[in-house]
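Visitor: I'd like to go through this model with you. Can we put it on the screen?

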Amino acid sequence: MKNFIISILPAVLLISCSRNVNPPKPLSVVPTKAQLEWHRMEMNAFVHFSINTFTNKEWGYGDESPALFNPDSLDTDQWLKVFKETGFKMVILTCKHHDGFCLWDSKVTSYDIMDATPFKRDILKELSAACKKQGVRLCFYHSIMDWHHPDAQGTFYPNYNDGGRSNPNFGRY
């Protein structure tokens, strides 16, 4: 009897495993259409190209000379060709970081690419056109902090993040 059970056990297992079994019902948390679309994008390029590309610093404090920014051989079409060939489906560009330097012709500051640099080209406009040509989505990262603004750091510069004190002029910022 023992040998009989051992001999038919593989057949029983095989038959029970071959039945179609419905997948389990989803849990109450199901991704939205937008979340699924984001997931399908797979790879996105985050480009942090600004004044500090030329200062050898991780980030600046708004006191960098904009005259340093002059990438005269900049070619956003070349960027997008490489991004597209390597599978990136979206480009995120830091258009203004904490240092306050703007990569477009800003109406609220002259610490920007058009007013303060020898470069005098609108990178956002050029990148947007290149993205449209290549069918790659474009997004901008824009920091609301602006350490170039005189009231942003107040009297505590460079210890702007002391935590125990508050900038009395921050409301004007």
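Visitor: Where is the place of K120?
Guide: K120 is in the loop between β2 and α4; helices (H or I, at least four residues) and strands (E, at least two) are DSSP runs, numbered from the N terminus. This is a predicted model, where local features need pLDDT of at least 70, side-chain atom pairs count only at pLDDT 80 or more, and totals for chains, interfaces and linings use all residues. Residues are numbered from 1 along each chain as its sequence is written, and side-chain values use heavy atoms, with hydrogens and water left out.

Visitor: What is phi of K120?
Guide: Phi is near 55 degrees, a positive value in a residue other than glycine. K120 is partly exposed, with a relative accessible area of 44% (buried is under 20%, exposed over 50%, partly exposed in between, with a 1.4 Å probe and protein chains only).

Visitor: And N56, which loop has that one?
Guide: N56 lies in the loop between β1 and α3. Its phi is positive too, about 60 degrees, although N56 is not a glycine. N56 is exposed, at 78% relative accessible area.

Visitor: Switching to the sheet. What is the strand order?
Guide: The order is β1-β2-β3, in an open sheet of three strands with parallel pairing; two strands pair if DSSP finds at least two bridges between them. β1 and β3 (137-142) are the edge strands, each pairing on one side only. From one strand to the next the twist averages 20 degrees.

Visitor: How many bridges join β2 to β3?
Guide: Six. In β3, Y141 stands opposite T94. β1 (residues 44-47) and β2 (residues 90-96) pair over four bridges, and the partner of N44 in β2 is M90.

Visitor: Which residues of β1 are on the covered face?
Guide: A45 and V47 are on the covered face, while N44 and F46 are on the uncovered one.

Visitor: Now the helices. At what angle do α3 and α4 cross?
Guide: Roughly 40 degrees, for α3 (residues 76-85) and α4 (residues 123-134), with the axes coming within 9 Å. Axes are lines fitted to C-alpha atoms, for helices over the stretch in contact, and angles run from 0 to 180 degrees between N-to-C directions. The two are therefore oblique to each other (under 35 degrees is roughly parallel, over 145 roughly antiparallel, 65 to 115 roughly perpendicular, the rest oblique).

Visitor: Which residues of α3 meet α4?
Guide: T76, D77, W79, L80 and K84 do, and they meet E126, L127, A130, C131, K133 and Q134; contact means heavy atoms within 4.5 Å.
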